[in-house]
Amino acid sequence: MASVKMTALALVLTATATLLSLFQISSAAVYKVGDSAGWTTIGNVDYKMWAATKTFQVGDIIHFEYSSQFHNVMRVTHRMYRACNSSAPLATYTTGNDSITITTRGHHFFFCGVPGHCQAGQKVDINVLRTTGMSPTPSVPAFPPPPSVPAAKVNGPSPNNAVSLKSFKSLLCKLALSIAVFAVFVSNAAAA
């Protein structure tokens, strides 16, 4: 009986630890570029300052919200970014509601390809910094090639810049703890 009880407890603890570790790494945030102003040339939005106030991580989602009649989003190289050269972008997004998941650390350069918009400041450098203890950045492209269908529409984040999954993680941790307590209770009842 004692060995069954210990095995059940070990299984519950292993399952709980696995659940907690899975949800520990899923702390992605959604950032709406330009916050409430969105992706625009109106209002003198300083996208460089906007990006400088954020701490981007791999897995975060960068959301561009704009009028597709007047703007677009182009992913470009650093050289193209500096020169506002839109002749050969790595990817082009045109839905007006584009969400791009960051998959690697390093710089990710975007600008509006409408003539004059990049020169007017409608460009952003999303920099995902290396942190201690992380492995080197893989040598795969930062983003997949542009899809042949429009990007999926997602609800925009709240005006506070990012939607965190912390409350969801907290709920799941409580659920895992409840399961562990229940399993101990069941194993005690079975032993009796």
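1. Starting with the surface: the protein chain exposes about 11600 Å², and carbon and sulfur atoms supply 64% of that. Keep in mind as you read on that this is a predicted model.

2. On burial, the protein chain has 192 residues, and 32% of them are buried.

3. Going along the sequence, the order reads α-β-α-β-β-α-β-β-β-β-α.

4. As for contacts, take those in the protein chain with a separation of 6 or more: 76% come from residues 24 or more positions apart.

5. Now the cysteines. The disulfide count is 1, and the bond runs between Cys84 and Cys118, with an S to S distance of 2.0 Å. The torsion about the S-S bond is about -70 degrees, so this disulfide is left-handed.

6. What does the pair tie together? Cys84 sits in the loop between helix H3 (78-83) and strand S4 (91-93), while Cys118 sits in the loop between strand S6 (106-111) and strand S7 (123-128), so the link joins parts that are 34 residues apart in sequence.

7. Are the two partners buried or exposed? Cys84 has a relative accessible area of 15%, which is under the 20% cut-off, so Cys84 counts as buried. Cys118 is buried as well, at 3% relative accessibility.

8. That leaves Cys112, which is in no disulfide. The nearest cysteine sulfur belongs to Cys118 and is 8.5 Å away, whereas a disulfide would need the sulfur atoms within 2.5 Å. Cys112 is buried too, with a relative accessibility of 1%.

Key: Residues are numbered from 1 along each chain as its sequence is written. This is a predicted model: local features need pLDDT of at least 70, side-chain atom pairs count only at pLDDT 80 or more; totals for chains, interfaces and linings use all residues. Side-chain values use heavy atoms; hydrogens and water are left out. Helices (H or I, at least four residues) and strands (E, at least two) are DSSP runs, numbered from the N terminus. Buried means under 20% relative accessible area, exposed over 50%, partly exposed in between (1.4 Å probe, protein chains only). Contact means heavy atoms within 4.5 Å. Accessible areas come from the Shrake-Rupley method with a 1.4 Å probe; for residues, only the protein chains shown count as cover.
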